[in-house]
Amino acid sequence: MSVVTADAVERTIAAFTRLDKRGDKKAMNKLAQRLQKEQPFLLQHAAASRAEHGDTVGEAAVFYATLMWAMFDRDHEGTLAQLTQQNLTDADGIVTEELSTVEGLADKAPHERVAPRLVAGQPNVYAKLAELLAEDVKEAAMTVETASAIIKPTQVVIEALDAAVTNRRPGLQQGTIVAAAKVGRNDPCPCGSGKKYKKCHGEAA
């Protein structure tokens, strides 16, 4: 099934909430390592906003991208295909084009800056994204500026994942790409932090 179910979305949120409440850094680090290994291009895409908007926005973008990936991953049998850079580039073009058709986009609240056709493709994921962003802004966990900066890159991640799941733009099957995606200890970390891998996500490896 290509549409992520509401149940998978809710179970993902429940799992992340439990980890957060327990302060389970080991489990979060394990999740981060898995994401770095399986989806390095997704991480690079999300972390790119750090260069333009600073660490706070970069961290928020990576967190929301991770959350979107986790929703698709929970709903999918087996391991998700690895997103390619081309898939993400194409997804960015599609999201940009779709958003350009939305009248008064800039005047909307950040969580409302979405295109109907994109929402129709993954209604449950988009509904939760809007809910979480609105809640974060309302509770001052995130500024309006941060929410505005991450809403588009998060939609690009959703479009890229949806395209990979539906084979519109197939990704690389896991198991055949692990060696090619391996990061050396002294290489820059794929998360985009600017640190060497051994001082970032490789530290706990």
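## A predicted all-helix chain, from a loop residue inwards

A140 is placed in the loop between α8 and α9, where the helices are DSSP runs of H or I with at least four residues, numbered from the N terminus, and strands would be E runs of at least two. A140 counts as exposed because its relative accessibility is 67%; exposed means over 50% relative accessible area, buried under 20%, and partly exposed in between, calculated with a 1.4 Å probe on protein chains only.

The model is a predicted one, in which local features need pLDDT of at least 70 and side-chain atom pairs count only at pLDDT 80 or more, while totals for chains, interfaces and linings use all residues. Residues are numbered from 1 along each chain as its sequence is written, and side-chain values use heavy atoms, with hydrogens and water left out.

Taken as a whole, the protein has 9 helices and 0 strands, and along the sequence the pattern reads α-α-α-α-α-α-α-α-α. Of its 205 residues, 45% count as buried. Among contacts (heavy atoms within 4.5 Å) with a separation of 6 or more, residues 24 or more positions apart account for 69%.

Helix α3, residues 40-47, shows this burial in detail, being mostly covered, with 6 of its 8 residues buried. The buried residues are P40, L42, L43, H45, A46 and A47, and they pack against α2 (25-38), α4 (49-53), α5 (55-75), α6 and α9. How do the axes of α3 and α5 run relative to each other? They come within 8 Å and cross at roughly 145°, the axes being lines fitted to C-alpha atoms, for helices over the stretch in contact, with angles that run from 0 to 180 degrees between N-to-C directions. On the α3 side the contact involves L42, L43, A46 and A47, which meet G58, A61, V62, A65 and W69 of α5. These residues divide into 8 nonpolar, 1 polar and no charged, on a scheme that takes Ala, Val, Leu, Ile, Met, Phe, Trp, Tyr, Cys and Pro as nonpolar, Asp, Glu, Lys and Arg as charged, and the others, Gly among them, as polar.

Charged side chains can be followed through the 11 salt bridges found in the whole structure, each a side-chain nitrogen of Lys or Arg within 4 Å of a carboxyl oxygen of Asp or Glu. In one of them, the side chains of E10 and K128 meet at 3.1 Å, N to O. This pair links distant parts of the chain, with E10 in helix α1 (residues 6-22) and K128 in helix α8, 118 residues apart. E10 is partly exposed, at 42% relative accessibility, whereas K128 is buried, at 6%.

D92 and K152 form another salt bridge, at 3.8 Å, N to O. Because D92 lies in helix α6 (residues 85-100) and K152 in helix α9 (residues 144-165), the pair ties together parts that are 60 residues apart in sequence. D92 is partly exposed at 30% relative accessible area, and K152 is partly exposed at 28%.

K128 also forms a salt bridge with E131, the closest N and O atoms being 3.2 Å apart. Here the two partners lie in helix α8, 3 residues apart, which is about one turn of the helix. E131, at 40% relative accessibility, counts as partly exposed. Elsewhere, salt bridges that share partners join E159, D162, R168 and R169 into one network.

Helix α8, residues 123-138, holds a contrasting case in D136. What is the nearest side chain of opposite charge to D136, and how far away is it? D136 is buried yet has no salt bridge, and the nearest side chain of opposite charge, K128, is 11 Å away; Lys and Arg count as positive and Asp and Glu as negative, with His and the chain ends not counted. Leaving aside residues up to four places away in sequence, D136 touches Y64, A141 and M142.

Finally, N167 lies in the segment after α9. Its phi is near 65°, a positive value in a residue other than glycine, and N167 counts as exposed, at 54% relative accessibility.
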